[in-house]
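Let's take a friendly walk through a protein model with two chains. Keep the sequence and the 3D view open while you read.

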Number of protein chains: 2
Amino acid sequence: MKNLVGACMFGQSGGPTSVINASAAGVFIEALEQKNITAVYGAAHGIKGILEEDFYDIGQEDKEELLLLKNTPSSSLGSVRYKLKDASVDETDYKRILEVFKKYNVRYFFYNGGNDSMDTCNKISKYLLKSGYECNIIGVPKTIDNDLYGTDHCPGYGSAAKYVATTLMELNLDAKVYDKGQVAVVEIMGRNAGWLTAAAALADYKGLGADLIYLPEVPFSVEKFVADVKAVMDKNNGKCIACVSEGIRDKDGNFIVETLSAAKAKDGFGHTQLGGLAAQLADLVNQKFGVKVRGIEFNLMQRCGAHLASGTDIEEAFTAGRTAVKAACEGETDKMVVFERDMSSGSYKCIYKLMPVELAANTEKKVPLEWINEAGTGLTKEYVEYALPLIQGASNSPLEDGLPKFANLKKVSARK
Amino acid sequence: MKNLVGACMFGQSGGPTSVINASAAGVFIEALEQKNITAVYGAAHGIKGILEEDFYDIGQEDKEELLLLKNTPSSSLGSVRYKLKDASVDETDYKRILEVFKKYNVRYFFYNGGNDSMDTCNKISKYLLKSGYECNIIGVPKTIDNDLYGTDHCPGYGSAAKYVATTLMELNLDAKVYDKGQVAVVEIMGRNAGWLTAAAALADYKGLGADLIYLPEVPFSVEKFVADVKAVMDKNNGKCIACVSEGIRDKDGNFIVETLSAAKAKDGFGHTQLGGLAAQLADLVNQKFGVKVRGIEFNLMQRCGAHLASGTDIEEAFTAGRTAVKAACEGETDKMVVFERDMSSGSYKCIYKLMPVELAANTEKKVPLEWINEAGTGLTKEYVEYALPLIQGASNSPLEDGLPKFANLKKVSARK
């Protein structure tokens, strides 16, 4: 719908990344410049902030502070894990959203997140279309998991991959420093798709990576793992570094961390909360071979290490936000911003396009099996060629007192 | 002993740091320039390389590569945890060292390490003095633990502290992102001295730190911890970040990690190997309050995160190496390089001095109790003033393919 005049609402959802705020900066700065956008709102904790009429008036923020969002990790507005029911089952939330959008004359809605968030975005979009309420809606992708369908890659992935590769190079030097055998098992995020764990191959490319890399795309056998580790130890002075995706499963689809433990905590989306896998596999190796072991988890650091963000990722995330607003103002709706890789000039270039948002909702793009080596313990050079352009450039975060200077928004409530 | 002409031997020992190789660069570059030094050797795995006649001819290395050592974490020559017996008990190792030193005409010996390594350095120094073998020996300090006696601070500490403070700021933003309660327990290295855990206070200083900080200097009560966490949760929307030193102990001196588990693995020096503390304390909080928890370990990353090294620390570590060589060439021996803080100009300046090495051997400098707040859960501004100058400046590591470019030494064997 062209020439819609009204307010814009932006929300952040799902697990944060190092650059999700860069997309927020892109949305805010572009929206504040658009003449048809009469007010810019940032929802506290995503969809929950809309339901509870809890959002901030971004027009009150200084532009300088909004630009600092480009280097500020995590979700500055607060995130949420809240799954909307199908409107056919329960319309309550949708009616409330419509009510709030009408009250504040929200005519532009941008939602920044991964699969689950694009599902939310799609459901709201479809409901408002059906209701005849004019509101242009564009999803802005983000996920360190890099598993969104229809886009070459996702904002957030390059920075997390750079964290994984850089940190592994450093760990490689540290974990092999003694004259005795030592096995390190490194656990990297990724429930169903192994993209982030695959980034360990970038460290291998520099000669300082993991000896073994296990992705959830390939069924994991504990017996094979133990044999693989032993083979590396035998040829490498008792030393081995193995990277495992948190979501590795056996051939029957059972999470290895669960077959190894009874930990069953659940997070907000009903996913099983994983953890402790590295420690358990390391213990197993210790029991088998009596070698010194270390279980290492990159934990939250891999998704919030903004000091180590990829410059390319920051700029792409920022531009994705701007692109969403521009497209909506040009009349686009019910879409998600996607990235296309253009190598026609011989070097990497990112092209910004749009795709129907429903195509991204609840689908998962996995690492192509042909990019995983035959032994299931490493990646091919095709993966390295794919990922290298995404980790280029430094974050150049401003420092103050030798520490990062992060955005500190005023967060003036916009409640009427 | 002045005007000694002969070879120089350098070794690295104990746990690596982000800047121990910067000291190596300082020693090597200075030694290669000294006319009385006829050859420069780097021992593989510290004292073990000397005993086994396994060392490298540093004269074969390119200066460019040696300078890259300034940004390369861990111990490039390999480290070791090997405790020399007292010469009065068993002279075997000492005789062997003397034999090797004579064979290669080693007249300068530099050993880079912490308390245990300074003990090694002191023992060798005393033995050679007694034997009448002329060899000038200087210890070069390093330790992320910052616990060496007689020096304002230790090379390696500033970088590890910068890692802790920066990462905590990022974690603070991530761990508080949801609209629900969440408790994160962060485990930081430090068996007996809480210096590194104290660095969490630098993040607090920027308003993005831990709510609670527990050092081994203060007896730890699990009951008080649980109550402290509850009090923070109550006033902070169910959220709390607590930092604990791996070495926290109860009032009877028992390690909390041991009272909470039966893990009893031992490392090379006979210290109990600690770990899993964060996960155990987090579990405890989960059991008590049913809140979502995360146990986070900074693990090896805190001591090898060279990409986040302090520029000040790199330069001081490098200069400590140079200072050791210069001093030895001027006739000094049986000493360790120490840092003195000079604030006379109103701003921080590091002065390089020497101290008898035996004073540093096996002593530990702890965080002054008057720098810990009354509740035993935080640091005073005196600590922040002490630590801030040490984390200034960026590492400016060179990048290649978007990843760190580390030194890659030829390591040509010097064995005759």
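This is a predicted model: local features need pLDDT of at least 70, side-chain atom pairs count only at pLDDT 80 or more; totals for chains, interfaces and linings use all residues.

Four strands of chain A, in the order 7-8-6-9, make up an open sheet, and their pairing is parallel. At the edges lie strand 7 (212-214) and strand 9 of chain A, each of which pairs on one side only. On average, neighbouring strands of this sheet are turned by 15° against each other, direction ignored.

Now look at one pair of neighbours. Strand 6 (residues 182-188) of chain A runs parallel to strand 9 of chain A, and 6 bridges join the two. For example, A:Val186 has A:Ile296 in strand 9 of chain A as its bridge partner.

Which helices pack on this sheet, and which strands do they touch? Here they are side by side:

| Helix of chain A | Strands of chain A touched | Angle between directions |
|---|---|---|
| Helix 6 | strand 6, strand 8 (239-245) and strand 9 | about 165° with strand 6 |
| Helix 11 (residues 277-289) | strand 6, strand 8 and strand 9 | about 170° with strand 9 |

**Where the chains meet**

How many residues of chain A are in contact with chain B? There are 51, and they meet 51 residues of chain B. The elements that give two or more residues to this side of chain A are helix 6 (157-175), strand 9 (292-297), helix 12 (301-304) and strand 13 (403-404). Helix 6 of chain A gives the most, with 10 residues. Sorted by class, this side of chain A has 25 nonpolar, 15 polar and 11 charged residues.

**A helix pair in chain B**

Finally, turn to helix 1 (residues 20-33) and helix 13 (residues 311-329) of chain B, whose axes come within 7 Å and cross at roughly 40°. The crossing of these two helices of chain B is right-handed. Among the residues that meet here are B:Ala22, B:Gly26 and B:Glu30 in helix 1, and B:Ile314, B:Phe318 and B:Arg322 in helix 13. By class, this contact has 11 nonpolar, 4 polar and 3 charged residues.

Terms used
Residues are numbered from 1 along each chain as its sequence is written. Chains are lettered from A and ligands numbered from 1 in the order in which they are written. Axes are lines fitted to C-alpha atoms, for helices over the stretch in contact, and angles run from 0 to 180 degrees between N-to-C directions. A crossing is left-handed if the near helix is turned anticlockwise from the far one by less than a right angle, and right-handed if clockwise. Two residues are in contact if their C-beta atoms, placed from the backbone, lie within 7 Å. Ala, Val, Leu, Ile, Met, Phe, Trp, Tyr, Cys and Pro count as nonpolar, Asp, Glu, Lys and Arg as charged, and the others, Gly among them, as polar. Two strands pair if DSSP finds at least two bridges between them.
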